[in-house]
Protein chains: 2
Amino acid sequence: MKIDVCFSPALYSVYHNPEAIVVVVDVFRATTTMAAAFKNGVRSIRPVATVEEVQEYEAKGWLVGAERNVKRCDFADFGNSPFDYTAEKVAGKDVVFTTTNGTRAITIAKEAYRVVTGAFINLQAVADYCLFHARDVVVLCSGWQDKVNVEDTLFGGALADVLINTGKYESASDAALIARDMWTDNKENLIAYLDPTDHIARLKANHLEDAVPYCLTPDSAIVVPELSMEGETLVLRKVITI
Amino acid sequence: MKIDVCFSPALYSVYHNPEAIVVVVDVFRATTTMAAAFKNGVRSIRPVATVEEVQEYEAKGWLVGAERNVKRCDFADFGNSPFDYTAEKVAGKDVVFTTTNGTRAITIAKEAYRVVTGAFINLQAVADYCLFHARDVVVLCSGWQDKVNVEDTLFGGALADVLINTGKYESASDAALIARDMWTDNKENLIAYLDPTDHIARLKANHLEDAVPYCLTPDSAIVVPELSMEGETLVLRKVITI
């Protein structure tokens with residue numbers, strides 16, 4: 001089986017593999033936050049593309065998370081920090097969520113065999129899910145407004161490394177080679193490696209860097225959020241709990 | 001000033017900077033071949049997108065180079081090997097050239113402040129050109145059918161490294177950071193680093209790997225092919241010779 005890494009939503013058509021599991025990643029912070037929310041017992045997350053859609057849900061009494069340009073939208077119950085989605089607030093609840101980049105990437109991939117969300121905090125759970133399904137894998141990096149970013153590429157490399165090290169997967173393309181090399185060369189030193197990147201600067205400028213170590217620490221959340229269509233609505237639900 | 005690296009022609013609109021010099025790279029082998037041809041005295045190269053256009057030129061008696069999927073097209077005088085364009089054959093001549101990926105990338109970038117072609121064999125000459133113009137730089141990787149490749153990304157990292165080391169440039173984005181790290185981590189070991197990549201496999205399958213060491217050796221050609229519009233026609237001409 002093969003694992004590929006698509007560095008930007010703008011490249012998705014080039015890496016599209018309808019038979020593959022697509023793992024959407026937005027390390028800082030949408031898919032980390034989703035994994036944290038499921039760990040804390042959220043029942044479902046509806047990823048929506050626009051602020052307007054979230055506001056329609058909010059008007060009907062839903063719990064809503066909304067972020068644009070790293071900041072929580074004023075009207076929302078939650079922003080895009082994994083620390084917002086505590087068990088007290090989300091256990092047993094349904095949440096609607098929009099973020100600058102991550103929810104859009106989920107929407108783009110919705111035609112794939114399966115779509116799940118991955119982050120370092122649920123890396124091993126996602127790897128186990130891929131091995132269980134025994135399918136090709138495409139990691140779809142959310143990036144930032146279609147630009148490549150380091151943190152999502154690194155996650156793609158980490159998942160490639162875990163899967164290839166089982167002996168059951170190989171790199172599908174140069175992109176997977178690049179990502180895996182980035183990961184193996186820098187995995188002992190992630191905070192320093194990421195320090196000069198665009199998104200760390202963005203988080204620091206908004207005093208939001210508190211979540212960075214949490215986002216980079218593997219395997220605190222043994223959950224896999226999986227996408228399904230319920231009527232016309234995209235919904236993420238947890239499919240694995242150990 | 002800033003240097004950015006666009007990993008694929010499919011991302012060009014995201015990295016487009018109309019005030020920048022765009023350096024189009026296709027290490028294996030179009031832009032290496034162009035630099036070699038100018039070193040050997042070719043007067044001009046017309047990059048064209050389609051085989052049909054090249055055949056129209058050929059019917060009018062032009063010297064033509066044409067490659068698809070690494071192989072020379074039957075009707076062409078030259079393929080896409082730098083060794084095809086000897087001084088005996090090209091000195092003082094005008095050539096029309098089409099390749100699978102490289103000539104298309106040139107066409108995409110034609111609206112930029114300046115467009116030049118770069119490869120390891122003219123790395124320092126291109127860096128000197130950028131420093132002379134004192135402009136932002138965007139390296140446009142030709143990739144392979146819009147997929148990211150290792151060799152063009154590495155060239156982007158090499159040019160970023162040379163320019164940033166002058167103290168006059170900084171990385172414009174995470175993409176430039178990724179490319180520069182790839183280069184600095186692997187520059188002593190390029191042949192081994194590239195061995196598992198898609199294009200090396202493609203060249204080996206067609207017994208064309210003879211050009212690889214030549215394509216990876218810096219600075220054998222002190223030339224910069226620069227794009228201009230002559231009427232409606234795109235033409236590359238050499239702008240620096242030392």
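## Second largest pocket

In this predicted model, the second largest pocket is lined by Pro47(A), Val48(A), Ala49(A), Glu53(A), Tyr57(A), Thr107(A), Lys110(A), Met229(A), Glu232(A), Thr233(A) and Leu234(A). Its volume is about 160 Å³. At least two lining residues come from each of helix H3 (51-59) and strand E11 (233-241) of chain A. Sorted by class, six residues of this lining are nonpolar, two are polar and three are charged.

## Largest pocket

The largest pocket holds about 190 Å³ of space. Its lining consists of Pro47(B), Val48(B), Ala49(B), Glu53(B), Tyr57(B), Thr107(B), Lys110(B), Met229(B), Glu232(B), Thr233(B) and Leu234(B). Helix H3 (51-59) and strand E11 (233-241) of chain B are the elements that contribute two or more residues to this lining. The class division of the largest pocket is six nonpolar, two polar and three charged residues.

## Aromatic pairs in chain A

Over all chains, the count is 13 aromatic pairs. One of them joins Tyr85(A) and Phe97(A): the ring centres are 5.7 Å apart and the planes meet at 65°, so the pair is edge-to-face. The cut-off for this class is an angle over 60 degrees.

Tyr85(A) belongs to the loop between strand E5 (71-72) and helix H4 (87-90) of chain A, while Phe97(A) is in strand E6 (residues 94-98) of chain A, so the contact ties together parts 12 residues apart in sequence. Both Tyr85(A) and Phe97(A) are buried. Together with Phe78(A), Tyr85(A) and Phe97(A) form a cluster linked by ring pairs.

## Aromatic pair in chain B

In chain B, the rings of Tyr85(B) and Phe97(B) have centres 5.7 Å apart and planes at 65°, so this pair is edge-to-face. Tyr85(B) is located in the loop between strand E5 (71-72) and helix H4 (87-90) of chain B, and Phe97(B) in strand E6 (residues 94-98) of chain B, so the pair ties together parts that are 12 residues apart in sequence.

Tyr85(B) has 2% relative accessibility and therefore counts as buried. Phe97(B) is also buried, with a relative accessible area of 1%. The limit for the buried class is under 20%.

## Charges over rings

Tyr57(B), one of the residues lining the largest pocket, has the charged end of Lys60(B) over its ring, 5.9 Å from the ring centre. Another such arrangement in chain B involves Arg202(B), whose charged end sits over the ring of Trp144(B) at 3.8 Å from the centre.

Conventions: Residues numbered from 1 in each chain as written. Chains lettered and ligands numbered in written order. Predicted model: local features only at pLDDT ≥ 70, side-chain atom pairs only at ≥ 80, totals over all residues. Heavy atoms only, no water. 1 Å grid on protein atoms, 1.4 Å probe; cavity = no way out; pocket = protein on both sides within 12 Å on 5 of 7 lines; lining within 4 Å. Points joined across faces, edges and corners; volume = space filled by probe spheres on them. Helix = DSSP H or I, 4+ residues; strand = E, 2+ residues; numbered from the N terminus. Nonpolar A, V, L, I, M, F, W, Y, C, P; charged D, E, K, R; others polar. Phe/Tyr/Trp six-rings, centres within 6.5 Å; stacked < 30°, edge-to-face > 60°. Buried < 20%, exposed > 50% of the residue type's maximum accessible area, 1.4 Å probe, protein only. Lys NZ or Arg CZ within 6 Å of the ring centre and 35° of its normal.
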